[in-house]
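Subject: Structure for your review

Dear colleague,

Please find below the structure that I am handing over to you.

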Amino acid sequence: MSLRHSVAFLRLRRVKWKIMLPFVILTAMFALFATKNVTELVTSSLQDRLEKQLVSASQYTADSIAKQERDQLELVRVVAFTEGVSEAVATGNSSRLEALVLPSAANVGAERVEIFGSSGMRVYGVRTDEASGQLTPIANGIAPAEWTAISYVLEGKSDERGDKWAQLANTPEGPVLLTVGPIRDASGRVVGAAAVSSPLSSLLLAVKKNAFSDVTMFTPSGEALGSTFDLADANEANGQLRGTADQSSQPGSGASGDVLGRGYQFLTNDLVVRGERIGTFSVAIPADSVSNTEQATRLRMSLIFGAITLGVIAVGWAVSRNLTSPLNRLVTAALAVSRGDLSARSNVRTGDEIGLLGASFDSMAERLEEQHVATIGALASAIDARDPYTAGHSVRVGDLSAELGTDLGMPRPAIHHLRVGGLLHDIGKIGVRDTILLKPGALSPEERRLIEQHPTIGLRILEGARLPSQVLEIVGGHHERLDGSGYPLGLSAEEISVFPRITAVADMYDALTTDRPYRLGLSPQEAIRILWRDAETGLVDPEVVAALRRIVRVWEERRAATVVQTTAWLESLQAIKGFKPNAA
């Protein structure tokens with residue numbers, strides 16, 4: 001099984017999930033059960049509530065129409081009993097009627113008032129103009145034949161409720177609720193009729209606003225007169241806005257139907273005014289209010305129990321995290337070490353067995369890192385020992401590279417790669433002959449070409465070592481320059497990562513400040529001036545040189561102690577070999 005598959009398998013079997021899973025399952029089961037039962041309990045009466053709302057809307061509609069008719073009847077009485085009206089009607093005096101009727105109509109905000117003579121001819125009329133909101137005259141003419149209320153009044157008909165009549169009627173401006181009463185002269189003879197009406201359009205809109213339902217009015221024969229729906233949407237699928245049911249046209253019958261794809265519940269009732277059935281009406285409420293309310297209730301209960309579930313899970317997670325977080329850090333560190341990052345540490349410091357395990361692991365990893373670096377350092381020292389003047393060079397380059405990386409804020413693994421890369425940067429010199437490597441004089445072009453191959457030779461030596469790519473970048477690129485003038489590949493700035501850039505500066509600084517057979521080492525200040533000039537001309541990274549300027553004093557203090565150790569080691573090696581270098 002691959003490492004990636006092992007990690008995925010481990011995540012599924014984490015201790016945290018073993019702790020939390022029972023809490024999650026039990027709480028989720030409780031939440032589902034409680035949500036289902038509470039939702040059913042809450043929503044079981046929603047259909048009843050809808051039906052009650054329909055009944056309430058129907059009652060409100062009937063009451064609103066009856067009240068409107070009473071208000072109209074009151075104005076009919078006022079007009080009929082206004083002094084001088086009967087005389088003006090009898091003589092057909094429109095001007096006199098205007099003076100007598102208009103103030104009363106304007107005072108109550110009447111929308112339509114008409115006066116008819118005994119012949120059925122309109123002798124005066126005004127209506128409210130929709131655009132201006134002002135009362136405007138209505139042209140005189142004969143009352144339409146379908147206005148039976150007018151003919152009943154003029155014929156002197158009456159019933160047990162009196163001599164006033166009401167009906168739903170059509171006008172050129174649209175259907176209206178019409179109330180008519182007689183105008184009598186001093187002897188009690190009917191000389192005309194006063195008619196007050198209100199457009200169904202405005203009346204139904206007012207009803208809809210307060211009844212929270214759509215309303216449709218029908219004539220006694222079933223013809224739709226007005227609706228808060230668009231009458232063009234009336235069809236067989238919605239029972240002509242009554243709903244589809246076996247007895248949808250019967251008073252008090254409920255039905256359902258779709259209008260523009262939306263489901264509605266309908267309730268049809270008789271429209272009774274002054275005890276007389278003048279038509280029918282239907283009220284409609286969206287049926288999706290039931291499903292919407294059910295969904296809202298389910299959502300609300302789900303949110304409540306979901307919050308409870310999340311709370312339980314959060315507590316379980318907090319408890320399990322407190323137990324497993326140190327384990328996770330330990331596992332992460334172990335995986336990093338297994339991938340070759342010997343700088344990884346768990347940093348687990350608890351007072352239990354996990355803390356003891358973490359401390360033991362960190363100690364083991366630290367020893368591994370020290371042994372790894374020491375082994376590489378020994379190899380680097382052996383390389384440097386070929387030339388006594390470069391003794392300790394690789395160790396110093398590795399340490400200085402790590403110090404520069406630290407100052408630049410690089411993470412711990414990167415610092416480790418810089419140290420190892422600095423130790424191994426010149427390993428390729430193993431493949432360069434001593435006659436060239438230790439030559440005291442100037443190198444020939446061919447010798448220069450050979451020695452410039454040591455980065456490539458180093459990469460070949462390390463091919464099977466499975467070192468991190470950052471280390472190999474340092475070995476192969478520490479002599480590359482940002483302007484492309486370096487070797488062995490002549491890489492440009494975009495092709496050189498930060499790792500060889502840092503080691504290049506550390507290598508050049510140590511070379512400049514170390515004594516060589518052909519010159520004495522420069523002072524730190526002189527070396528930094530040279531490096532800064534190289535940075536300005538585009539050879540090395542100016543940020544790395546700036547970091548070197550910040551740490552150079554501390555580094556030189558540390559280097560002085562290292563030189564003492566290196567000198568002692570070199571003298572012992574010379575004694576063994578019986579070799580004493582020539583003076584510079």
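Ser198 lies in strand 6, where helices (H or I, at least four residues) and strands (E, at least two) are DSSP runs, numbered from the N terminus. This is a predicted model, in which local features need pLDDT of at least 70 and side-chain atom pairs count only at pLDDT 80 or more, while totals for chains, interfaces and linings use all residues. Residues are numbered from 1 along each chain as its sequence is written, and side-chain values use heavy atoms, with hydrogens and water left out.

Ser198 counts as buried because its relative accessibility is 4%; buried means under 20% relative accessible area, exposed over 50%, and partly exposed in between (1.4 Å probe, protein chains only). The side chain of Ser198 has a polar contact of 2.7 Å with that of Gln68 and another of 2.6 Å with that of Gln72. A polar contact is a pair of N or O atoms within 3.5 Å; within protein, one must be able to donate a hydrogen and the other to accept it, and residues adjacent in sequence count only if both atoms are side-chain atoms. Neighbours within four places in sequence aside, Ser198 is in contact (heavy atoms within 4.5 Å) with Gln68, Gln72, Glu111, Pro175, Val176 and Leu177.

Six strands, in the order 3-2-1-6-5-4, make up an open sheet with antiparallel pairing. Two strands pair if DSSP finds at least two bridges between them. Strand 3 (135–137) and strand 4 (165–171) are at the edges with a single partner strand each, so one side of each has no neighbour in the sheet. On average, neighbouring strands of this sheet are turned by 25 degrees against each other, direction ignored.

Strand 6 (residues 190–199) pairs with strand 1 (residues 112–117) through six bridges in the antiparallel sense, and Ala194 in strand 6 is the bridge partner of Ile115. Helix 5 (residues 94–108) packs on the sheet and touches strand 1, strand 2 (122–128) and strand 3, its direction making about 30 degrees with that of strand 2. Helix 7 (residues 200–211) also packs on the sheet; this helix touches strand 4, strand 5 (174–184) and strand 6, and its direction makes about 50 degrees with that of strand 6. For these angles, axes are lines fitted to C-alpha atoms, for helices over the stretch in contact, and angles run from 0 to 180 degrees between N-to-C directions.

Strand 5 and strand 6 run antiparallel and are joined by nine bridges, with Ser197 of strand 6 as the bridge partner of Leu178. The hairpin of these two strands has five residues between them, and Gly188 there takes a positive phi near 90 degrees. Strand 5 is mostly covered, with 10 of its 11 residues buried.

The nonpolar cores

A nonpolar core is a set of buried Ala, Val, Leu, Ile, Met, Phe, Trp, Tyr and Cys residues joined through side-chain atoms within 4.5 Å. The largest has 28 residues, of which Leu400, Leu404, Met410, Val505, Tyr509, Leu531 and Leu548 touch the most other members. Helix 10 (393–407), helix 11 (412–424), helix 16 (498–512), helix 17 (524–536) and helix 18 (542–577) each supply at least two residues of this core. Another core, of 22 residues, lies apart from it and has Leu200, Leu203, Leu267 and Phe281 among its members.

Helix 10 is mostly covered, as 11 of its 15 residues are buried, including Leu400 and Leu404. Gly409, with a positive phi near 80 degrees, follows helix 10. Residues up to four places away in sequence aside, Met410 touches Gly405, Ile415, Leu418, Val498, Phe499 and Ile502.

The protein as a whole

The protein has 18 helices and 11 strands, and 43% of its 584 residues count as buried. Of the contacts with a separation of 6 or more, 57% are between residues 24 or more positions apart.

Yours sincerely
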